[in-house]
Structure formats: structure tokens, C-alpha cells
Amino acid sequence: MKLSHLVTASLLLGSLLVTAQAHNHKMKADIVDTAVAAGSFSTLVTAVKAADLVDTLKSAGPFTVFAPNDAAFAKIPAADLNALVADKAALTNVLTYHVVAGKVMAADVVKLTSAKTVQGQDLAIEVKDGKVYVNGAQVIATDIETSNGVIHVLDSVVMPK
């Protein structure tokens with residue numbers, strides 16, 4: 001009888017320790033949840049939802065997202081932005097132009113002159129005066145790691161040709 005109580009107590013204690021460790025070790029959120037939590041990508045998140053790309057950006061990836069923040073989207077005239085969001089095909093074309101397959105950290109981005117997007121076209125990458133530009137948009141924050149890739153923040157929305 002005592003042995004069964006000891007085994008039960010050991011199993012319970014082991015279960016509690018595993019649960020505590022899992023709770024204390026915070027898992028990284030995926031690209032979408034990270035963007036939502038940041039609070040500065042509400043326009044991008046709205047656009048991703050409108051284009052039905054949420055499931056894709058929550059998938060295993062990995063992806064590198066050159067993410068325009070809300071200030072970047074604010075540079076686009078409201079009528080133009082509303083028209084883009086209303087046109088799912090055009091919106092998907094623009095959004096996937098900001099995504100590169102694979103996890104490309106900033107240290108690797110600066111070694112590139114271009115990167116193939118999941119949309120199919122290349123992004124031009126340039127380093128000038130210690131700053132990194134993607135199709136002329138400045139990278140203003142880098143290496144925001146997620147469970148399925150990395151986010152680099154752009155100060156402008158880049159448009160495919």
C-alpha cells in the first residue's frame with residue numbers, strides 16, 4: 001500500500017514540475033500573434049485577415065516578414081489603401097511581396113543584394129550609411145523572432161512591379 005502511495009505521489013510531483021516548467025518557459029508566438037501583440041501593426045493585421053493569409057502566417061514556415069508598421073501604411077492615401085484592402089487579389093500580391101521563405105536574420109540580410117519573395121518577385125536590398133533598405137523602405141527594427149520565423153520592420157509599404 002505504501003509503495004502505491006509513493007508512486008502516485010511521485011507521478012503527481014513529476015506532473016506538477018513538468019507543468020510548472022512549461023508555464024515558466026514562455027513559448028514564442030507566431031508571426032501573426034507577435035504582430036497583434038506589438039500593437040503597431042494593426043493595419044497590417046487587418047490586411048492579412050482581409051487577404052485570408054492568417055493561416056499561412058501561422059503555419060510552420062519559417063518566414064521572414066518585412067512588416068510595414070502602422071506609420072508606414074499611414075503614408076498611403078486612405079482612398080488608395082481602402083481600395084487595396086477591398087481588392088483581395090491585389091492585396092494578397094502586395095502582402096506576399098513582403099514575405100521571404102525561410103528565417104533570414106538581420107546579420108544575413110545585410111549580406112544580400114536581393115531576396116526572392118513568396119509572391120515571386122525579388123526585393124532589392126541595399127545597405128547605405130549603416131542603414132538597410134528594402135526596395136527603398138528603411139528597415140527600422142530587426143530580428144523580432146517568432147515561433148515560425150522573424151519580423152523586420154519597414155518604415156514604408158513596398159509595392160511589387
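A nonpolar core here is a set of buried Ala, Val, Leu, Ile, Met, Phe, Trp, Tyr and Cys residues joined through side-chain atoms within 4.5 Å, where buried means under 20% relative accessible area with a 1.4 Å probe and protein chains only. You're looking at a predicted model, in which local features need pLDDT of at least 70 and side-chain atom pairs count only at pLDDT 80 or more, while totals for chains, interfaces and linings use all residues. Numbering starts from 1 along each chain as its sequence is written, and side-chain values use heavy atoms, leaving out hydrogens and water.

**Stop one: the core.** Select Phe41, Leu44, Leu57, Val65 and Leu95: these have the most contacts inside the largest nonpolar core, which has 26 residues. Now colour the elements that give two or more residues to this core, including α2, α3, β1 and β7 (149–154). Helices (H or I, at least four residues) and strands (E, at least two) are DSSP runs, numbered from the N terminus. The largest share, 4 residues, comes from α3.

Next, show Ile31, Val48, Leu57, Val65 and Val99, the closest to the centre of the largest pocket among its 20 lining residues. A pocket is an open set of points on a 1 Å grid over the protein atoms alone, where a 1.4 Å probe fits, with protein on both sides within 12 Å along at least five of seven lines; lining residues have an atom within 4 Å of a point. Its volume, the space filled by probe spheres set on the points, is about 210 Å³. Pick β1 (63–68), which gives the most to the lining, with 5 residues.

Key. Buried < 20%, exposed > 50% of the residue type's maximum accessible area, 1.4 Å probe, protein only.
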